[in-house]
Every structure is written in C-alpha cells, then in structure tokens.
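The model is predicted.

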Amino acid sequence: MRNKNWKQICLFLLPALLLYAVFFIYPLFYVFITSFTQWNGIGSMKFIGFKNFTDLFANETFRISLKNNFIWSFALGFIQIPLATIMALVLARKPKGWKVYRTVFFLPNVISQVALAMMWTAIYNADGGILNSLLAAVGLESLTRNWLGDMGTALGAVIVQQLFYIGYFMVVILASRMGIPESYYEAAEIDGANVWQQEIHISLPNILPILITSVTLAMAYGMRHFESTFLMTNGGPAHATSVLGIMLYQNLGALKYGVGNAIGATLIVLGGVLIMTIRWLLNKKSQKMMG
Amino acid sequence: MIKTKSQIAIDIIAKVGKWLFIAFFLFMTLVPIIWLIITSFKSNFEYETEPLGLPKVWQWSNYAKALSMSGLPRLFLNSVIVAVCTTALNLIVSAMGGFALARENFKAREGILSLLLAGVLIPIIAFMVPYFSIATKLKLYDSLLILIIVYAAINIPVSLFLIYGFMSDIPKELEEAAVIDGCSFSQRFTRVVFPLTKPGLVTAGTLVFIYCWNEFTYAMLLTSSVKSRTLQLGIRFFKGQFVVDYTSMLAAIVLTMIPTIFVYIFLHDKIISGMTAGAVKG
C-alpha cells in the first residue's frame with residue numbers, strides 16, 4: 001500500500017538525497033571508473049584496465065605509503081586504544097580531580113590539527129625546539145637531532161604527536177564504563193575480588209562492544225590519515241612518512257587523475273576490508289571470551 | 001579484612017602507577033601548549049638561545065605584529081560564515097530527511113536509511129579528485145559557498161544518524177493529537193517534531209560546527225585566494241608571511257586557538273557529549 005503522504009515524503013527526503021548523490025554516490029563511481037583510465041582531467045580518458053594498479057604496486061613509494069598506513073592503523077588501534085582504555089578504567093573510579101583530567105585530555109580534539117601540527121613542528125625543531133633543549137638539559141645531547149628530518153625518527157615523531165591524544169576514545173570508553181551498575185562492583189568487593197580482578201571480570205566484558213567499535217574506528221582513521229603528516233613533513237624525508245592520502249594529493253597536483261583515483265579506490269576498498277576483518281576477528285574472539 | 005605484606009606492596013605500586021599514568025598524560029597534553037604560549041612572548045633571539053625558561057621581557061609586540069600581519073580578522077570572519085551556514089544547512093537537510101524516515105512508514109524507508117548511514121564508512125579523503133572536479137564544473141571553485149555545500153554534505157550521515165535516533169524516540173500520540181487538531185504534514189514537522197528534537201539538533205550542530213571550524217584538507221583543495229581562505233588554511237600561510245619572525249608566528253597560532261579554548265572552557269560538557277555521541281551509540 002502506498003503511503004498517502006508520499007509526495008511530501010519525497011519532498012522532505014529530496015535535499016538530503018540530492019546532496020548525498022552528488023557528494024557520495026557520484027564520487028564513488030567517479031573514483032572507481034576513472035581509476036582504470038589514463039586521464040589528466042581535461043582531455044579524453046583512455047581506458048587502460050588494471051595498469052594504474054599494477055604500476056602502483058610496483059612503485060616503491062606506494063609500498064612505503066601502504067606500509068605506513070598500516071603502521072598508523074595498528075599504532076592507533078593497538079597502542080592508543082589500550083592506553084585510552086586504561087585511562088578510562090582509572091578515571092571511572094573517580095580519583096581526585098577526575099573530571100578536570102577528562103576535560104584536559106579531551107582538549108586537543110577541539111583544537112585544529114593545523115595548529116597542533118605547527119606546534120609540534122616547533123617542538124621537534126632542530127634549533128630552539130623544546131625536545132632537543134630538554135634532552136640537552138638532562139645531559140642526553142647525543143640524542144638531539146632534527147626529529148622530522150631524520151629518516152629514522154620522522155615517522156615515529158609524527159605518530160607520537162597523535163598517539164598520546166587519547167581523549168576522544170577515552171571519553172567514549174569512560175561513558176560505557178560508567179554505565180555499568182555500581183552494585184556489580186560492590187558484590188565483587190564482598191566476594192573478596194580485588195580491583196584488578198574487578199576490572200578484568202566486570203569492566204572489560206561489559207565495555208567490550210565499545211572497545212571493538214573504538215579499535216575499528218581508530219584503525220579506519222589510520223587508513224584515512226592525511227593532515228598532520230601533510231603539515232609536518234609532507235611525506236618526507238625521501239617518502240619515509242608518506243601515506244596514501246599524501247600520494248593521492250601529489251598525483252592530483254601532477255594532473256594524474258587516473259593514478260590519483262586508483263589510490264583513492266585502494267583506500268576505499270582497503271578501508272572497508274580492514275574494518276570488516278577487524279570486526280569479524282574481534283567479534284569471534286569476544287564470543288569465545290563470553291561463552 | 002587483613003592484608004598480607006605483598007598485597008599492601010601491590011596496592012602501593014598500583015596507586016603510584018595510577019598517578020604517574022595520569023601525570024604523564026597531563027604533561028603530554030598541557031606542556032606543549034603552555035610552552036607554545038610562553039615561547040610566543042619571547043624575542044626571536046631568546047627563542048634560539050634560551051628555548052627553556054620564561055622570557056626576560058614579555059614581548060607583547062609579537063601579538064601586535066601577529067594581528068597586523070596575518071590578516072586574522074578576515075580569516076576569522078570567513079571561518080564563522082562557513083561554520084554557521086554549514087551547520088544551518090546541514091541541520092535543516094538532515095532534520096527534514098530524518099523526519100520522513102523516522103515518522104513515516106513506506107516501502108523504500110529501510111533501504112534509503114541504510115544507504116545514507118553507510119556514508120560514514122567511506123574515507124572522504126579518497127574523494128579529493130571528484131570534489132575538485134565538481135567544484136570546477138559548478139563554477140564554485142575558490143568560494144565560501146562550495147566549502148559550505150561540501151561540508152554540509154559530508155556531515156549528512158552522522159547528523160542524520162543522531163537526529164533520526166532522537167526523532168524515533170518521540171511518542172506517536174503527540175503527532176496523532178496534532179493531526180486531529182488539523183496539523184498538516186509539514187506542520188507536524190515544524191510545530192511538533194522539530195521543536196522536540198532540540199537536544200539532538202544541538203548535539204549534531206556542535207559536531208558539525210567544530211568539524212567546519214577545524215577542517216583543513218578540503219579548504220586547501222577547493223579554494224586558492226585570500227577572499228575565501230578560512231582560519232585553518234590561513235595558519236598554513238603564516239610560515240610564508242612571518243619568514244624571519246618565528247615567535248610572532250607562534251603568537252598568531254596562539255591567537256587562533258584562543259576562541260576555541262575559551263568556548264571549550266565554558267561548554268566542555270556539551271561539546272564532549274556532542275562530539276562522542278556518534279561513537280557511543282554506534
């Protein structure tokens with residue numbers, strides 16, 4: 001049976017669907033179709049099959065970028081999230097001033113990536129940067145270096161800049177942890193379970209769904225990563241910090257639209273596969289744990 | 001309960017460890033920002049020679065220079081225009097769509113809802129080439145309008161998800177009563193459902209506003225001239241504007257952070273719950 005308000009329904013859905021069609025669906029087809037062509041954006045497209053992809057996988061910079069994206073994903077998913085989880089569990093027990101800590105840890109999420117990247121560039125600076133000055137002040141002069149210009153430290157320096165900003169996921173996990181009834185902990189206390197046992201047997205199983213979501217989201221961010229690397233090193237030195245987003249931007253600048261979109265298509269597919277694999281693996285594991 | 005010696009030792013280690021853990025993260029979050037603020041008051045000579053410690057003379061002139069050289073007022077105004085217009089456009093579009101999907105039943109409902117929400121899975125960064133070409137084709141390249149449209153569109157899946165959730169929770173009886181009183185389809189939206197969805201709209205609006213305020217990548221890609229340059233993009237150009245005057249550039253960066261931090265101090269609870277609502281419910 002047709003809804004009697006169907007005309008109005010269409011009218012109300014139209015703006016959202018129109019914007020969605022232009023900025024999600026059309027670009028999706030655009031990226032995938034042009035990824036099989038050689039095209040500079042103005043002239044005619046030449047269909048070249050999988051050549052862009054085979055060229056990319058043969059390309060050293062692309063392989064480095066792909067590897068770096070995975071390093072980002074794993075660093076965020078398996079270092080940042082555990083740190084955020086520990087902090088959430090600590091703050092959930094309401095130590096003195098916990099609300100202030102929560103507010104402070106979340107602060108970097110409202111400051112722009114650009115300002116933070118410029119700030120950290122100043123911190124890592126070879127001359128006048130606070131990191132080298134601190135190292136020199138405690139007698140570790142031998143460790144001072146141009147952190148963002150050194151092949152060995154550049155990637156680590158950019159990742160660390162993001163890694164310890166745990167606020168976002170900490171708040172999400174904390175909200176889930178605060179939803180567990182206090183009586184569970186009181187009962188465990190009476191049974192003689194110590195804090196450690198309470199966290200393992202009560203907190204963790206109850207916050208598991210939100211942990212899985214957080215790991216998935218964090219790893220997806222790792223694949224999408226672009227801004228702070230672009231601003232701090234632009235992929236250098238010698239592509240050591242490059243990621244797929246940086247390569248895509250550079251190909252767009254060089255008017256290699258076909259190659260750029262092949263990178264974009266790789267990003268979309270890899271991101272999707274990664275999200276589904278992680279969710280599947282973690283869900284399987286958690287079912288084992290629960291059951 | 002009597003505790004053994006080893007239990008007491010574990011308790012003490014746990015307690016010390018807990019505070020060290022908190023202190024470490026406080027250090028990592030606050031010290032860089034405090035260092036940035038202090039350094040922005042130093043002379044360039046002092047910055048090079050004495051990076052640690054307080055400035056001997058606080059150089060307020062750095063801030064005067066930052067204000068006059070960076071063109072901050074213009075950048076600030078552009079960012080406000082983009083963030084306000086985007087938030088309004090996004091909320092209207094998402095609320096209308098959310099209303100039709102949450103308060104009516106029709107055949108394609110589930111399909112359309114899943115389609116719109118699936119957008120959150122797409123890495124928007126992959127759309128650099130198509131967004132650039134759409135902007136050129138619409139002859140909107142290098143305008144504030146294209147930023148407003150793109151930002152509003154990008155945020156539809158998240159906003160719709162939040163607003164749809166709130167609208168689904170409104171009891172049916174309220175609308176039925178309104179229909180008996182003679183409310184039309186659009187009046188049910190404007191007079192009953194929209195006002196009742198206020199908390200959801202505030203949450204989604206906060207999220208969209210902060211997104212717009214801090215967005216960098218597409219502002220860089222879709223604009224080129226000063227007339228449509230937003231604050232975040234402007235910071236990027238400070239390096240060129242303050243070639244030798246490094247500490248004045250740091251002062252300009254501090255100036256861009258002040259409004260955000262100021263608003264955050266007063267509204268942190270609302271902002272935190274708004275920004276994390278999507279992940280908590282998902």
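The largest nonpolar core holds 183 residues, and the members that touch the most others are A:Met170, B:Tyr218 and B:Ile253. The element that gives the most to this core is helix α3 (residues 60-92) of chain A, with 14 residues. From chain B, the core draws at least three residues from domain 1 (5-62) and at least three from domain 2 (71-241). As background, nonpolar side chains in soluble globular proteins tend to be buried together.

Apart from neighbours within four places in sequence, B:Ile253 is in contact with A:Ala115 and A:Met118 in chain A, and with B:Leu36, B:Ile235 and B:Phe238 in chain B.

Chain B itself is divided into domain 1, residues 5-62, and domain 2, residues 71-241. The C-alpha centres of these two domains of chain B lie 38 Å apart.

The interface comes next. In it, 80 residues of chain A are in contact with 85 residues of chain B. The two chains bury about 8,000 Å² between them, and 81% of this is on carbon and sulfur atoms. On the side of chain A, the residues that lose the most area to chain B are A:Phe12, A:Phe23 and A:Phe24, which together make up 10% of what that side buries.

How many salt bridges does the rule find across the interface of chain A and chain B? The count is 1. A salt bridge joins the side chains of B:Asp269 and A:Arg102, with an N to O distance of 2.8 Å. Over all chains, a search of the whole structure finds 11 salt bridges.

Within chain A, the side chains of A:Asp55 and A:Lys51 meet in a salt bridge at 2.9 Å, N to O. Both residues lie in helix α2 (residues 51-58) of chain A, and because they are 4 residues apart there, about one helical turn separates them. A:Asp55 is partly exposed, with a relative accessible area of 40%, and A:Lys51 is partly exposed at 43%.

Chain B has a salt bridge between B:Glu175 and B:Arg103, 2.5 Å from N to O. This pair links distant parts of the chain, as B:Glu175 is in helix α9 (residues 172-180) and B:Arg103 is in helix α4 (residues 72-103), 72 residues apart. Both B:Glu175 and B:Arg103 are buried.

B:Glu175 also forms a salt bridge with B:Arg188, whose closest N and O atoms are 2.7 Å apart. B:Arg188 belongs to helix α10 (residues 185-196) of chain B and B:Glu175 to helix α9, so this pair ties together parts that are 13 residues apart in sequence. B:Arg188 is buried, as is B:Glu175. A network of salt bridges links B:Arg103, B:Glu104, B:Glu175 and B:Arg188.

B:Glu46 is a buried charged residue that has no salt bridge. B:Glu46 sits in helix α2 (residues 44-49) of chain B. Leaving out neighbours within four places in sequence, the contacts of B:Glu46 are B:Pro51, B:Leu54, B:Pro55, B:Lys56 and B:Val57.

Conventions:
Residues numbered from 1 in each chain as written. Chains lettered and ligands numbered in written order. Predicted model: local features only at pLDDT ≥ 70, side-chain atom pairs only at ≥ 80, totals over all residues. Heavy atoms only, no water. Core = buried A, V, L, I, M, F, W, Y, C linked by side-chain atoms within 4.5 Å. Buried < 20%, exposed > 50% of the residue type's maximum accessible area, 1.4 Å probe, protein only. Helix = DSSP H or I, 4+ residues; strand = E, 2+ residues; numbered from the N terminus. Domains from an automatic or database assignment. Contact = heavy atoms within 4.5 Å. Lys, Arg positive; Asp, Glu negative; His and termini not counted. Salt bridge = Lys/Arg side-chain N within 4 Å of Asp/Glu carboxyl O. Buried area = accessible area lost by both parts, 1.4 Å probe.
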